[in-house]
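Reader: I would like to go through this model with you, moving from the overall fold to single residues. Could we take it as a series of questions?

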Amino acid sequence: MRRQWMYGDRVCAEFITGMHNFLHVAETSKRKDGFMCCPCSICMNKYTYSSSDRLHEHLLRNGFMLGYYCWTKHGERGVIMEENEEEEDNDN
């Protein structure tokens, strides 16, 4: 899954659509206490909020933290690989 949109122009349609998709994922994978980590470049998943409105505000103002292609704090597991990458078979 390509997520270059996360680091592009924050007023373009692709970013807005992608961010809304992210916010939906964040809402559906809230922690048991009802809070979500904020992946903006300031909070860097260290601060949590109960409302996706706060994440929305932070992401528009600050953008996403660098390298957060796999949303591990928002329900995703593993590593997202680019189309041209191959997974290595490393059992060590």
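Author: What follows is a set of questions and answers on this predicted model.

Reader: In what pattern do the helices and strands of the protein chain follow one another along the sequence?

Author: The protein chain has two helices and two strands.

Reader: What share of the residues of the protein chain counts as buried?

Author: A residue is called buried here when its relative accessible area is under 20%. The chain exposes about 6400 Å², of which carbon and sulfur atoms supply 48%. Of its 92 residues, the share that counts as buried is 32%.

Reader: At what angle do α1 and α2 pack?

Author: On the α1 side, Phe15, Ile16, Met19, His20, Phe22, Leu23, Ala26 and Glu27 meet Ser52, Leu55, His56, Leu59 and Leu60 of α2. The residues of this contact divide into nine nonpolar, three polar and one charged. The crossing of the two helices is right-handed. Their axes are 10 Å apart, and the angle is about 145 degrees.

Reader: Is leucine 59 buried or exposed?

Author: Leucine 59 has its place in helix α2, and, leaving out residues up to four places away in sequence, it touches Arg10, Phe15, Met19, Phe22, Leu23, Pro39, Cys40 and Phe64. Leucine 59 and methionine 19 are 40 residues apart along the chain, while their C-alpha atoms are separated by 7.9 Å. Because the relative accessible area of leucine 59 is 0%, the word for this residue is buried.

Reader: Is threonine 17 buried or exposed?

Author: Threonine 17 lies in helix α1. From C-alpha to C-alpha, threonine 17 is 9.3 Å from tryptophan 5, and the two are twelve residues apart in sequence. The cut-off for an exposed residue is a relative accessible area over 50%. Since threonine 17 has a value of 55%, this residue is exposed.

Reader: Which residues is tryptophan 5 in contact with, leaving aside its neighbours within four places in sequence?

Author: Tryptophan 5 is one of the residues with the most contacts inside the largest nonpolar core. Once the neighbours within four places in sequence are set aside, the residues in contact with tryptophan 5 are Glu14, Phe15, Gly18, Met19, Phe64 and Trp71.

Reader: What is the phi of methionine 44?

Author: Most residues other than glycine have a negative phi. Methionine 44 lies in the loop between β1, residues 36–37, and β2, residues 48–49, and is partly exposed, with a relative accessible area of 38%. The phi of methionine 44 is positive although the residue is not glycine, with a value near 50 degrees.

Reader: Is asparagine 45 buried or exposed?

Author: Asparagine 45 also has its place in the loop between β1 and β2. Its phi is positive, near 65 degrees, in a residue other than glycine. Because its relative accessibility is 11%, and the cut-off is under 20%, asparagine 45 counts as buried.

How values were computed
Residues are numbered from 1 along each chain as its sequence is written. This is a predicted model: local features need pLDDT of at least 70, side-chain atom pairs count only at pLDDT 80 or more; totals for chains, interfaces and linings use all residues. Side-chain values use heavy atoms; hydrogens and water are left out. Helices (H or I, at least four residues) and strands (E, at least two) are DSSP runs, numbered from the N terminus. Buried means under 20% relative accessible area, exposed over 50%, partly exposed in between (1.4 Å probe, protein chains only). Accessible areas come from the Shrake-Rupley method with a 1.4 Å probe; for residues, only the protein chains shown count as cover. A nonpolar core is a set of buried Ala, Val, Leu, Ile, Met, Phe, Trp, Tyr and Cys residues joined through side-chain atoms within 4.5 Å. Contact means heavy atoms within 4.5 Å. Axes are lines fitted to C-alpha atoms, for helices over the stretch in contact, and angles run from 0 to 180 degrees between N-to-C directions. A crossing is left-handed if the near helix is turned anticlockwise from the far one by less than a right angle, and right-handed if clockwise. Ala, Val, Leu, Ile, Met, Phe, Trp, Tyr, Cys and Pro count as nonpolar, Asp, Glu, Lys and Arg as charged, and the others, Gly among them, as polar.
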